[in-house]
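Please look through the following report with the sequence and the structure side by side.

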Amino acid sequence: NNTNVNQLKAGDPYMLLVRGDRTVNIYSNSAEPTATRLRAKGELVTGDYSTTDLSQTKDGFSLIGNPYHAKVDMNSVLSKSNNIKKDVYYIWDPKLGGVQDLNQSGGRGAFVVVELPSGNNSSNSDANQYLQPMQSAFVQTIDDNSAAQINFSESDKALNENPKTDIVSESDDQFLNIQLYNKVSYNSGSTPSDALRINFGSSYSKSSKDDILKLQNIDENFARVIGQNLVALERRNSPAVEEILPLYVDQYRRADYILKFEFSNSFEGDVYLIDHYLETETLMTKLNSTYSFNVNSSVSGSKDENRFSLKLKPVSLSTSNSVLSEVKIYPNPMTEKFSITGLKGQTDVEVNIYTIAGQRIYSEKVGSVSKFNIENFNAEAGIYLVKLTSGGEEQSFKLIKQN
């Protein structure tokens, strides 16, 4: 309602969707947004500010507002708050989701997990340890045994903080970042739709108590599946044996996507992305850090929430020296032609294509090239098996041909 009468209160959180100025037809979903400036007036809040209007349930989430017209250091705020997690908070970043297009849904922002005390996040967001003026955030209650309370004070104001200059990929800690982009946004250098981070360390427990839960976005969600929970930030031991980690993706808004992998400099072991729909395993490395895939909304396996998993192999089980470890096939699904990349200039690679029934319908030896094109693949629409052999090694891919 009219805020000249129903006044907003500093410190109370609000969520707003701004579509434009008063010229916008709010009854039309195709109305063009307009540049809009919001103005606020009133008395500034000074001195201590506290609230207990929070979830008192274990792992419950609460929306809080910055009561001051100044940046505040959330490390300082949470350190003196009661029964609230101290190592993380959540920001809604409206700039995430990539390129906005009125002709397509999506691109409307996403939640960002901000790690504390560092202020790092895995989404390339500007969010850090400093809560901005007129900004809200989500915090999480620890347990049911005591009352949850947020306490702000004048000493929390970050009046002379230095801009964050550290880059997450330059940390000495072992981690894996995975960002989900729609293809248009990735190609234009825009923002990801969502992101997942896995931290590895001997200090983390094997239980889920170190993990940070996922808050659901209005568009794409990308997370780890751990038991009955979706996790946005997982903290775990480095694997001693091969492990399979299920992933979760839902609410696809586009047809073409890219998963971008980022490894810490000290990362050890091999990471394979398993595509259960295409029945492929792809070794992800710093040089081979992206995986492109297509989502067909009419095919259940293509849009399945559990389509992807990670396979982690420790150093002792590493097979990264395989001559076929970085081979990829694209586009997949395809229509008339596709390419095989990552051949590393091998001279003895043989390509065979089989039907699901096992009938070989294509065979060719590849020369010394890193990329091999197969054109005019005139087989009927369906699923085929592409098998590559070289030096006694073998790699197979599931290929989908469309009309």
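## Salt bridges

The side chains of E243 and R236 come together in a salt bridge, with 3.2 Å from N to O; the term stands for a side-chain nitrogen of Lys or Arg within 4 Å of a carboxyl oxygen of Asp or Glu. E243 is partly exposed at 24% relative accessibility, whereas R236, at 13%, is buried. Here buried means under 20% relative accessible area, exposed means over 50%, and partly exposed lies in between, with a 1.4 Å probe and protein chains only.

R307 and D275 also meet through their side chains in a salt bridge (3.0 Å, N to O). Because R307 lies in the loop between strand 18 and strand 19 (308-313) and D275 in strand 16 (residues 270-275), the pair ties together parts that are 32 residues apart in sequence. R307 is buried, with a relative accessible area of 2%, and D275 is buried too, at 0%. Through shared partners, salt bridges join R224, E234, R236 and E243 into one network.

In the whole structure, 14 salt bridges are found. One of them links the side chains of D219 and R253 (3.0 Å, N to O). D219 sits in the loop between strand 11 (212-213) and strand 12 (221-226) and R253 in the loop between strand 14 (243-250) and strand 15, so this pair ties together parts that are 34 residues apart in sequence. D219 is buried at 3% relative accessible area, while R253 is partly exposed at 27%.

## The model and the chain

This is a predicted model, in which local features need pLDDT of at least 70 and side-chain atom pairs count only at pLDDT 80 or more, while totals for chains, interfaces and linings use all residues. Residues are numbered from 1 along each chain as its sequence is written, and side-chain values use heavy atoms, with hydrogens and water left out.

The protein chain has 2 helices and 26 strands, which are DSSP runs numbered from the N terminus (helices: H or I, at least four residues; strands: E, at least two). Of its 403 residues, 46% are buried. Among the contacts with a separation of 6 or more, 67% are between residues 24 or more positions apart, where contact means heavy atoms within 4.5 Å.

Most residues other than glycine have a negative phi, and most peptide bonds are trans. The peptide bond from L116 to P117 is cis, with omega near 15°, and P117 is placed in the loop between strand 5 (110-115) and strand 6 (130-131). Another cis peptide bond joins Y330 and P331, with omega about -10°; P331 belongs to the loop between strand 20 and strand 21 (338-341).

N83, although not a glycine, has a positive phi of about 60°. N83 is found in the loop between helix 1 (74-79) and strand 4 (88-93), and is buried, with a relative accessible area of 8%. Q251 likewise has a positive phi of about 60° without being a glycine, and its place is in the loop between strand 14 and strand 15; Q251 is partly exposed at 31%.
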